[in-house]
Amino acid sequence: MSSTAGKVIKCRAAVAWEAGKPLVMEEVEVAPPQAMEVRLKILYTALCHTDVFFWEAKGQNPLFPRIFGHEAGGIIESVGEGVTDLAPGDHVLPVFTGECRECAHCLSEESNMCELLRINTDRGVMINDGKSRFSINGKPIYHFVGTSTFSEYTVVHSGCVAKINPSAPLNTVCILSCGISTGLGATLNVAKPTRGSTVAVFGLGAVGLAAAEGARIAGASRIIGVDLNPRRFHEAKKFGVNEFVNPKDYNKPVQEVIAEMTNGGVDRSIECVGNIDAMVSAFECVRDGWGVAVLVGVPHKDASFKTHPVNFLNERTLKGTFFGNYKPRSDLPAVVEMYMNKELELEKFITHEIPFSEINEAFDLMLQGDSLRCVIRMDG
């Protein structure tokens, strides 16, 4: 048992006191884990667009002060009552969504949307007792999506932790906690392109490039990248993208451009933008008879999807996905093994690595569009 088990731990955390303001490095107190919780020592974390979106307080109920962060790798420091499948010293990835293994969704082979531990961006406390495990001078600091990895120690529900191969380098596999797995799984688990097929990927940020990586792994012969930013096209070649379309270069809908390029449409498309026009284009660019489009991006809450019903009657399929259809505890360890077996390349997603003390630089890089994934070393 850890010498700190059952005790409050004082450590550094990057606290967001206000929306859009630089994070402040503070000494926080992290309470011991309660029933079905674990306390983790975070060794590496990464910045995702979702952190930036909620830090800016765009489109949701602002909740501050808060500790953001949800892509990370760490080691179990201690476990709470009732936790039997995790132990101090285990190497793990905390995940923003969970797997209770008891609800209808967890028992289904088709779903990963756990009823108990599904993502909740408004909740800033633990579900066990409705309280935060973080505090400064007795004042609670709110959690973020149940992970809060911008802290040297954090408390997470045990169902939101994937135990992984201890030989896997945490500074690399930590990026599998969110965006990379989302894009990869959207292709491999949901779109399921066959070898030699044609695939279009809308949006060439980190999630879209992960979707392209999935198409490369699946053996797609043509991977068409669609993006409004031509600067992304060169980087995308590393992920198997071999053709590029910028919708701004044409005076007709991009779905028509792609249909002409492919003599009728692509076999599969994956939309990773969250823009409703891109979603419609992604659906309408797939071939009739067997084409499948997968929506990954999250649109504006008031957006509505409009297409002609004949597009469905002509046997095109439209699907959506959440976290790439991966069950965190059951499936993520196997994704880590894909990396360990050199089937999945992760290093090319990591464009920067910085010390924890300079975490605000990671926000600047992402806001400037200069970063796919910035990994943050917690010991710096």
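1. A word on the record before using it: UniProt positions follow the numbering used here, feature names are shortened, and annotations may be inferred rather than shown by experiment. With that in mind, an unreviewed UniProt entry lists residues 206-338 as "domain: Alcohol dehydrogenase-like C-terminal". Do keep in mind that the model is predicted. In it, the end C-alpha atoms of residues 206-338 lie 18 Å apart, and the span is 38% helix and 15% strand.

2. Now to the rings, where the count comes to 13 aromatic pairs. One of them joins Trp 55 and Phe 363 edge-to-face, at 4.8 Å centre to centre with 65° between the planes. Trp 55 sits in helix α1 (residues 49-55) and Phe 363 in helix α11 (residues 359-367), so this pair ties together parts that are 308 residues apart in sequence. Both Trp 55 and Phe 363 are buried.

3. How are the rings of Phe 323 and Tyr 326 arranged? Their centres are 6.4 Å apart and their planes at 70°, so the pair is edge-to-face. Phe 323 and Tyr 326 are both buried. Elsewhere, ring pairs link Phe 53, Phe 54, Phe 64, Phe 68 and Phe 144 into a cluster.

4. The largest nonpolar core has 102 residues, and Phe 150, Val 173, Leu 176, Ile 270 and Leu 346 have the most contacts inside it. Helix α5 (residues 206-218) gives the most to this core, with 6 residues.

5. Beyond its neighbours within four places in sequence, Val 173 is in contact with Leu 93, Ile 164, Ala 168, Val 336, Tyr 339 and Leu 346. A second, separate core has 15 residues, among them Ile 224, Val 254, Val 266 and Cys 285.

Notes
Residues are numbered from 1 along each chain as its sequence is written. This is a predicted model: local features need pLDDT of at least 70, side-chain atom pairs count only at pLDDT 80 or more; totals for chains, interfaces and linings use all residues. Side-chain values use heavy atoms; hydrogens and water are left out. Helices (H or I, at least four residues) and strands (E, at least two) are DSSP runs, numbered from the N terminus. Rings of Phe, Tyr and Trp (its six-membered ring) pair if their centres lie within 6.5 Å; planes under 30 degrees apart count as stacked, over 60 as edge-to-face and the rest as tilted. Buried means under 20% relative accessible area, exposed over 50%, partly exposed in between (1.4 Å probe, protein chains only). A nonpolar core is a set of buried Ala, Val, Leu, Ile, Met, Phe, Trp, Tyr and Cys residues joined through side-chain atoms within 4.5 Å. Contact means heavy atoms within 4.5 Å.
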